[in-house]
Amino acid sequence: MRNKIDLTLPPDVLFLNPWRDPGFRLLLEPEYNWRPIKGGNIAGFAASAHREINEKIEQHLKGTKKNRTFATPVAFNSVPVMLDRANFRKSFALARDRVVLSGAAGTRAINQYRWENNGADIDADARLDEFFSTCRTQNEGKEIPVYSGLLERDVPFAIVCRNTFNYFHFITESLSQLTVLDGLDFQGNIYFHFPNSEDKQRPFAQAFAEALFPEFKGRIFFERVPKDYAKVVTAFELAGGHHMAPDADFDGLGEHMPDALNQPGAVGSMQARVPLSMNAVSSNLLALRDRALRAIEGHSFEHLPKRFFAGRDTRLSRARHLEGEDLLFEHLEMFGFEYVVFESLSPLEQIALMARAEMMVSYHGAGFTNMLFASSETYVVEIGTLQTAQIRWGDFWPVAHASRCKYISFYGDFKAENPLIEPEFNKDGIVAASLSKQAIAQMMAFIVTILGHYPDLKRPRVLAQLATEVLQVGGAEHAIGLLEKHDDLVRNNGRLCLIKADCHKKLGEPKSELVALDLAHKADPGRWQTLVRMIWCANHCERPQVIRWALARLKVDFPDRHDAFVSNHSWVRFVA
């Protein structure tokens, strides 16, 4: 019973409020609570062999972009804290019998509270929103207390683990917490506390801890919960605790959130918890990436490939092999890809593999955690399904944002007797993906275009789809190369000319953009939008004669649009 937590307790009894409750003190005050960061380029594309599945995938992608994607990702800070009368239970930390809401563990505690308490007569989300709103109001003008004593040499540092067999959870949530000790001259022992049985622990946990934190050699221990401490240091990630923080602590954050969420109190609301977890990066994660890249400096890794397909060692993980993997790899191999299994590499080799990588291709799994170590120029291509798009895609956004890499997902079909039936996660778990020959062709066309090898395409629709995909992931130069190779298809196709104009706009080439817009208008003179865009582009590159021509054309062909445009933009009258 020592490991049990009663999640049916009222929130004000269950959860610790660091601003008001005893047993929680900061060792260091955060330099910032949150800040905007430059993130990765994240995109997803439908690649099912079935129209109805593609429609569902595309609908989900559009909804995610509109309702869950921040204009700019953000970093939440983390600091070391002292807990008094601490208990580590399951995958949570408690101080004086109250659950500490910190990072991923805090998110799990909130989610489990919701699952335990949602019923016919209880709205758990409403109850939590009311509780957190009250906390934010009561905490206005208050500061979390700071530990004023000397840090004794024998005080331990303890870390909550969801488990010690899942690579993603251990690296991103647990190991990263050790970075809060940087510069603290910590002398005590370090304990990773996990709820799983000892025989499930994987060697990678100890191996990565020793490889990335050699200064703590001999002082890192793994212990199963429950564990009690009179006094212990741990990491406090403000993501999680932000639900209770005074609004002033996160002032301005809402401006980065989707319009539907940008309202008073939105940052700490239940409605924002999923979008925030997708778009927020812990400072621990950023610090772990920096530490990992420093660890490989001065070592030679020339034996590692720069283009690779990451497979899976089924002795150490669940078998979810991709249907179509052999055919896909046959094509990849022709372009210099090698087959790699992360589990067969040392921690430093895994880090170096990603840091040096030009492109990684694999099917959905914990190996995508290694995006954390990729360069900003690395393309990381994931193969998933509608299911992984709906429930797992956002898990990897923070590591993609931390590395600023290009994270692209192609969503194929379910590896199932009837791929049109959506699996139930609670019953079926994560179902393996299946790639049709058509999907493999779609993926390979994208991959080789990114690598500078432009395929021969016969249909404008297929060319438009490929060029749009490449442009969307930051490959404007390659999209232009692809379109120029197919100039016979582009010249008389308004849509393709507009895509080419988009490419030049992305590259900051207004004169070339204007040429492409002129071709687009000639190919499809029925679009008034093209003429309006020509006016703006011509103004940008100082072509008044083009502005006058486009205005005249707009007045003749679309008089209502001309009058509206001129009335809303007075500067046009001076040019005309």
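**Close-up views of a predicted model**

Figure 1. Arginine 527 counts as partly exposed, because its relative accessibility is 28%, a value in between the limits of under 20% for buried and over 50% for exposed. The residue is found in the loop between helix H20 (510–523) and helix H21 (528–540). Its side chain is joined to that of threonine 530 by a polar contact of 2.7 Å. With neighbours within four places in sequence left aside, arginine 527 is in contact with Leu498 and Phe558. Glycine 494 lies 33 residues away from arginine 527 along the chain, yet 9.2 Å separates the C-alpha atoms of the two.

**Figure 2. Histidine 169 in helix H5.** Histidine 169 has a relative accessible area of 14% and is therefore buried, the limit for this class being under 20%. Apart from neighbours within four places in sequence, the contacts of histidine 169 are Arg162, Asn163 and Ser174. Helix H5 (167–174) is also one of the elements that give two or more residues to the lining of the largest cavity.

Figure 3. Two or more lining residues come from each of strand S6 (92–95), helix H3 (103–117), helix H5 (167–174) and strand S11 (227–237). The largest share, four residues, is that of H3. Seven of the lining residues are nonpolar, five are polar and four are charged.

**Figure 4. The second largest cavity.** The volume of this cavity is about 70 Å³. Eleven residues line the second largest cavity, and His364, Ile383, Val431, Ala432 and Ala433 are the closest to its centre. The lining divides by class into six nonpolar residues, four polar residues and one charged residue.

Figure 5. In soluble globular proteins, nonpolar side chains tend to be buried together. Beyond its neighbours within four places in sequence, leucine 175 is in contact with Phe170, Phe192, Phe208, Ala209, Leu212, Phe213 and Leu288.

Figure 6. At least two lining residues are supplied by each of strand S3 (41–46), helix H2 (51–67), helix H13 (397–403), helix H16 (460–472), helix H17 (476–485) and helix H19 (494–506). H16 provides the largest share of the lining, seven residues. By class, the lining of the second largest pocket has 17 nonpolar, 15 polar and 13 charged residues.

Definitions and conventions. Residues numbered from 1 in each chain as written. Predicted model: local features only at pLDDT ≥ 70, side-chain atom pairs only at ≥ 80, totals over all residues. Heavy atoms only, no water. Nonpolar A, V, L, I, M, F, W, Y, C, P; charged D, E, K, R; others polar. 1 Å grid on protein atoms, 1.4 Å probe; cavity = no way out; pocket = protein on both sides within 12 Å on 5 of 7 lines; lining within 4 Å. Points joined across faces, edges and corners; volume = space filled by probe spheres on them. Contact = heavy atoms within 4.5 Å. Buried < 20%, exposed > 50% of the residue type's maximum accessible area, 1.4 Å probe, protein only. Polar contact = N/O pair within 3.5 Å; in protein donor to acceptor, adjacent residues only side chain to side chain.
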